[in-house]
Amino acid sequence: MNPSPDAVRVAIAGAASLRGKELKIALEEANFPASEIRLLDEEIVAGTLTEAGGEPAVIETVDEDSFERVRFAFFTGSAGFSVRHAGEARRAGATVIDLSGGLSVESGARLWIPALDAVLAPPEAKATPGEPQSLFVAPSAPADIAISLSAALAPMGLTRLAVTIFQPVSEAGREAIEELESQVVKLLSFEPIPQKVFDAQVGFNMLRAYGKESGEKLGEIRGGIVGQVRNYLGGRISMPAISLVHAPVFYSQAFMAYAEFKNIPVMKDLTAELKRAGLKVAAVDDPLPNNVNVAGEARPVLGPPEQDPGIETGVWLWGVADNLRVPAATAVAIAEKLLAS
């Protein structure tokens with residue numbers, strides 16, 4: 001990454017997380033004008049040697065000087081880590097862009113999906129009068145899916161939308177990935193399986209809820225998604241129904257959506273509206289999106305819409321989103337928009 005004369009200093013708080021690593025890649029691939037990328041995280045991973053912008057870099061703990069002269073502070077770690085340290089970044093003059101979901105309910109937070117601006121402006125933040133807007137939230141991939149589908153389909157006379165998201169284990173971090181991998185190996189060997197993260201068998205299994213001792217609660221995650229969607233739509237568009245199901249996969253959020261309209265929709269027009277909302281739609285002859293072939297895609301990818309065989313005004317939509325790249329790309333787009341304004 002070669003900094004331009006207008007380059008800015010950037011901090012990634014939560015740099016060792018899966019989201020942090022993905023954001024660093026997204027910044028580099030976008031040739032974001034960063035003069036320096038400062039990597040910050042919890043004390044347990046401090047001192048880890050990595051790289052940023054093609055140069056060796058060490059992950060540091062957060063201290064009183066961590067956000068000095070930082071233009072953008074991206075929070076990519078746990079929600080708790082973001083809540084503890086985002087205030088320090090804002091007081092130091094940094095614009096905070098949150099990918100953790102921990103700051104969605106903070107006063108003055110503004111959710112934003114720049115790719116959606118052509119059809120639905122981001123909601124207004126309730127910031128203190130006279131204070132600059134300094135807290136932005138890149139919605140999670142599932143929230144992005146539900147928001148974008150709602151905005152795209154509303155002009156077509158949408159009367160009902162229900163979205164089911166299939167949750168990959170990577171949403172719970174690296175330990176969750178390792179647990180699924182270990183469970184698969186041990187199940188095939190007829191050995192006892194580890195259940196430290198999920199308190200349940202997540203390998204070869206679809207679940208509506210994890211075990212009682214799990215730190216991951218699908219109900220709470222679903223509530224967070226619903227909250228982000230409700231905040232973004234803000235009563236301007238009807239809320240979709242959203243459900244969340246565990247899928248035994250490592251990465252990417254597959255989803256199935258059912259939409260009903262006042263009149264029989266024209267599939268060509270419906271596809272055009274989906275694309276106008278920044279979504280990618282595969283051509284009829286292209287392979288359908290799946291958890292593997294969407295890796296690295298900055299926006300959710302859908303297959304061609306299919307009319308329901310029994311309800312003439314009903315349409316089914318199948319799609320998949322790279323659960324790490326979609327919010328990372330959105331966060332980079334927010335920073336680029338702010339630099340250009």
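This is a predicted model: local features need pLDDT of at least 70, side-chain atom pairs count only at pLDDT 80 or more; totals for chains, interfaces and linings use all residues.
Visitor: Which residues gather with E60 in a patch of negative charge on the surface?
Guide: Let's start from the place of E60, the loop between β4 (55–58) and β5 (72–75). The residues that gather with E60 in this surface patch of negative charge are D63, E64 and D65.

Visitor: Is N323 buried or exposed?
Guide: First find N323 in the loop between β15 (314–321) and α7 (325–340). Its relative accessible area is 2%, and under 20% means buried, so N323 is buried.

Visitor: With which side chain does the side chain of N323 make a polar contact?
Guide: A polar contact needs a pair of N or O atoms within 3.5 Å. At 2.8 Å, the partner of the N323 side chain is the side chain of E171.

Visitor: What distance separates the C-alpha atoms of A282 and G303?
Guide: A282 sits in the loop between β12 (280–281) and β13 (301–302), and A282 is buried, with a relative accessible area of 14%. Along the chain, A282 and G303 are 21 residues apart, while their C-alpha atoms are separated by 5.0 Å.

Visitor: Is P132 buried or exposed?
Guide: Look in the loop between β7 (110–111) and β8 (135–137) for P132. Its relative accessibility is 64%, and over 50% means exposed, so P132 is exposed.

Methods. Residues are numbered from 1 along each chain as its sequence is written. Side-chain values use heavy atoms; hydrogens and water are left out. Patches are made of residues with over 30% relative accessible area and no salt bridge: like charges are joined within 9 Å, nonpolar side chains (Val, Leu, Ile, Met, Phe, Trp, Tyr) within 5 Å. Accessible areas come from the Shrake-Rupley method with a 1.4 Å probe; for residues, only the protein chains shown count as cover. A salt bridge is a side-chain nitrogen of Lys or Arg within 4 Å of a carboxyl oxygen of Asp or Glu. Lys and Arg count as positive and Asp and Glu as negative; His and the chain ends are not counted. The place of a charge is taken as NZ of Lys, CZ of Arg, CG of Asp or CD of Glu. Helices (H or I, at least four residues) and strands (E, at least two) are DSSP runs, numbered from the N terminus. Buried means under 20% relative accessible area, exposed over 50%, partly exposed in between (1.4 Å probe, protein chains only). A polar contact is a pair of N or O atoms within 3.5 Å; within protein, one must be able to donate a hydrogen and the other to accept it, and residues adjacent in sequence count only if both atoms are side-chain atoms.
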